[in-house]
Amino acid sequence: MLKGRLGLEGASIPQRDRHGVVWVARGKLFVQQGTLYFHTAGGAGLDAGSYSIPYQMLSCIVLEPGTTVSHDALRLLARHGTGLAAVGTDGVRFYASMPFGPDASDRARRQARLWADEDKRRFVARRMYAMRMGEVFPDYDLDVLRGMEGQRAKRMYKLLAQQFGLRWNGRKYNRQKPGAADHPNQAINHASVAVIAAAQLAVAVSGAIPQLGFIHEASGIAFALDIADLFRDSVTIPIAFGGVKKHAKMKGNIELERVVRKHAGNVMRQERVVTKMIDKVKELIDADDRTGDA
């Protein structure tokens with residue numbers, strides 16, 4: 001990692017994400033003599049110090065807790081089409097994002113064309129089910145695929161619970177009494193919130209339209225829900241069950257949600273989940289969108 005101690009104005013913030021996304025925390029984003037700087041007390045993988053940020057080369061700057069942004073910084077980023085998003089620690093919550101540049105509409109327009117054409121929309125939905133089930137069913141109705149995915153999900157819950165050494169009594173959740181569920185079910189809810197937040201960030205960074213989902217429809221973040229579901233088996237459920245195991249070993253009255261949220265942040269950072277989600281968004285929307293079934 002490049003050193004960025006206070007006083008070394010030439011130190012540039014490290015860039016490790018192939019999509020041009022930089023994460024910052026516990027500091028101030030400001031402009032000095034036309035250059036964008038971030039002065040941090042340390043966080044998001046950065047040592048304490050001041051860093052210059054090559055905003056012209058970035059697609060998005062992600063602000064974790066403890067950050068402030070000057071008006072000049074907002075103006076500079078908006079002028080050059082660099083996105084800005086505010087999230088929870090390690091991206092477990094998605095709070096807001098600044099609109100991206102006017103030249104970033106290609107993917108949104110491709111998504112709109114896919115969504116507006118009924119055949120193409122079914123085609124993308126089938127691709128999503130194929131990603132989730134590991135098999136292509138070109139001749140099956142979407143309602144049939146939903147049923148098959150539901151049955152597969154039940155088996156996956158049971159299998160992963162066994163792998164984590166947890167007792168599993170089925171997926172049960174009462175929206176009116178969320179705390180009445182057992183710990184595995186509560187943890188799945190908490191993990192889902194974190195993974196959906198990561199998907200919202202991925203959709204925002206990609207310049208896609210969150211409202212235009214291909215499987216989910218009614219929600220204002222329908223496409224983010226679609227993307228989050230692609231990671232249910234590999235990320236959401238393992239985070240949930242892993243969080244339950246961690247919680248069981250802790251002493252004192254520590255909230256399960258807090259444990260799962262922290263575990264989710266660690267896992268998503270280490271496994272670069274947001275980066276993988278951006279890849280999925282691009283794979284779904286940027287592929288040849290000719291009508292057809294897969």
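**Helix α7 and its two partners**

The crossing of α5 and α7 is right-handed, meaning that the near helix is turned clockwise from the far one by less than a right angle. The contact (heavy atoms within 4.5 Å) takes in His183, Pro184, Ala187, Ile188, Ala191, Ser192 and Val195 on the α5 side, and Val235, Thr236, Ile239, Ala240, Phe241, Val244 and His247 on the α7 side. Those residues divide into ten nonpolar, four polar and no charged; Ala, Val, Leu, Ile, Met, Phe, Trp, Tyr, Cys and Pro count as nonpolar, Asp, Glu, Lys and Arg as charged, and the others, Gly among them, as polar.

This is a predicted model, where local features need pLDDT of at least 70, side-chain atom pairs count only at pLDDT 80 or more, and totals for chains, interfaces and linings use all residues. Residues are numbered from 1 along each chain as its sequence is written, and side-chain values use heavy atoms, with hydrogens and water left out.

Next, α5 itself. Of its 24 residues, 18 are buried, that is, under 20% relative accessible area with a 1.4 Å probe, protein chains only. Glycine 207 follows α5 and has a positive phi, near 75°.

Now the other partner of α7. Helix α4 (residues 142–163) and α7 have axes that come within 11 Å and cross at roughly 40°. The α4–α7 crossing is right-handed. From α4, the contact uses Glu149, Arg152, Ala153, Met156, Tyr157, Leu160 and Ala161; from α7, it uses Arg232, Asp233, Ile237, Pro238 and Phe241. Here the division is eight nonpolar, no polar and four charged.

Conventions
Buried means under 20% relative accessible area, exposed over 50%, partly exposed in between (1.4 Å probe, protein chains only). Helices (H or I, at least four residues) and strands (E, at least two) are DSSP runs, numbered from the N terminus. Axes are lines fitted to C-alpha atoms, for helices over the stretch in contact, and angles run from 0 to 180 degrees between N-to-C directions.
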